[in-house]
Each structure stands twice: as structure tokens, then as C-alpha cells.
Amino acid sequence: GALSRIGELGLGVSFSLAHPKAVEYIARAGATAVTQINETTRNELRNILTQATQEGWSYTRTAQAISAKFKEFAGPPLRPTLREIRSRAELIAVTEVGHAYEEGSMIIAQQLQQSGLRMEKSWLTVDDERVCPECSGNEDDDWIPLDEQFSSGVVRPPAHPGCRCTMKTRMAT
């Protein structure tokens, strides 16, 4: 039923890891938040991230590709508080690919809303001891209109580097 309705709306949405909107986003905006690098490095990172998103690579495989190209990214992340992140390359992979998929999902939900469906969203954490207060508070917001910000002031995950959260969307009830 959902595939039929999406086809009727002319959105051409796919339920696979191939996410054209995520690929478009990462090709345009990938690595813009990565600090302490030059534009050449940023462009090379963007190329790796685009390929990873296009081909549905795991975070681990993406981090390995980044580390292979940039040996200095194989070391610990710049924020030592992220104890679960093993390297700067992994932090970049998790954060940048996370942004791409979440932005791609947001674009699709916005397209559905523009077609006349009232959409809403909610924040989903991993629900473990590493979830930060900011993300926990966003999850406590429950379902909110698609165009509203979560209580932390962001419109979609990830809320911060290394964030493991995702966004759920649905037609408003």
C-alpha cells in the first residue's frame, strides 16, 4: 500500500540503502563541518563519503577508506569524551554519513508534506547509558510537526558529532 501511494505521488522513493537524496546531500555538503583540514582534504573526504553513501558502505568500511587515504585520521578523535569512537576517521564517517541519511529522509518527508500529507517526526535514541541529555530530551519531545525544531534546537539528527540517533517520520494522526 505504501509503495503504491508513494508511486501515485510521483516521489519515486526506494526502501533500500541506495538513497539518492542522501547522496545528493553528501556530494554537496559532505565534510563541511570537519575542522582543522584544508579544502583539498575536504574535497577528498567528500569524494570518499559520497562513494560510501552511494554504495551503502558501513561506518567501519567508510572509516577504513578515510584512514587509508589520510593516515592522520586513524588516530583518536579530537574530542576524547567520545570514548566509543575509536578514531577521527570513524567520527567523520558516523557523523557525516549520518547527516546525509537523515537529511535525505527529511527531504522525502518534506516532499510528502508538500504533496498534501501532514507529516510529523520523532527522535529515536539507541536507549543506552551513552545517550546524552540533549538527545534524551529530544526523544522526550515525542511526535512533533515536521517543520518544528526539537527541544535542543535542531531539526533532525545527528545533534552533535558521534550522535547515534535517528529520526522517525509518519503521517500526522
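This is a predicted model: local features need pLDDT of at least 70, side-chain atom pairs count only at pLDDT 80 or more; totals for chains, interfaces and linings use all residues.
Student: How many aromatic pairs does a search of the whole structure find?

Tutor: Rings of Phe, Tyr and Trp (its six-membered ring) pair if their centres lie within 6.5 Å; planes under 30 degrees apart count as stacked, over 60 as edge-to-face and the rest as tilted. With that rule, the search of the whole structure gives 2.

Student: Which kind of pair do Phe 70 and Phe 73 form?

Tutor: Their centres are 5.4 Å apart, with 40 degrees between the planes. Both residues are buried (under 20% relative accessible area; exposed is over 50%, partly exposed in between, with a 1.4 Å probe and protein chains only). The pair is tilted.

Student: And what kind of pair do the rings of Trp 123 and Phe 150 form?

Tutor: Trp 123 and Phe 150 are both buried. Their ring centres are 4.9 Å apart and the planes stand at 75 degrees, so this pair is edge-to-face.

Student: Which ring has the charged end of Arg 170 over it?

Tutor: A charge sits over a ring if NZ of Lys or CZ of Arg is within 6 Å of the ring centre and within 35 degrees of the ring normal. The charged end of Arg 170 is 4.0 Å from the centre of the ring in question, that of Trp 143.

Student: Within what arc do the buried residues of α2 fall?

Tutor: Helices (H or I, at least four residues) and strands (E, at least two) are DSSP runs, numbered from the N terminus. In α2 (residues 20-29), Ala 22, Val 23, Tyr 25, Ile 26 and Ala 29 are buried. They line one face of the helix, because, seen down its axis, they fall within an arc (taken from the directions from the helix axis to the C-beta atoms) of 165 degrees.

Student: How far is the sulfur of Cys 132 from the closest cysteine sulfur?

Tutor: A disulfide is a pair of cysteine sulfur atoms within 2.5 Å, and the whole structure has 0 of them. Cys 132 is partly exposed at 21% relative accessibility, whereas Cys 135 is buried at 2%. The closest sulfur to that of Cys 132 is in Cys 135, too far for a bond at 3.5 Å.

Terms used
Residues are numbered from 1 along each chain as its sequence is written. Side-chain values use heavy atoms; hydrogens and water are left out.
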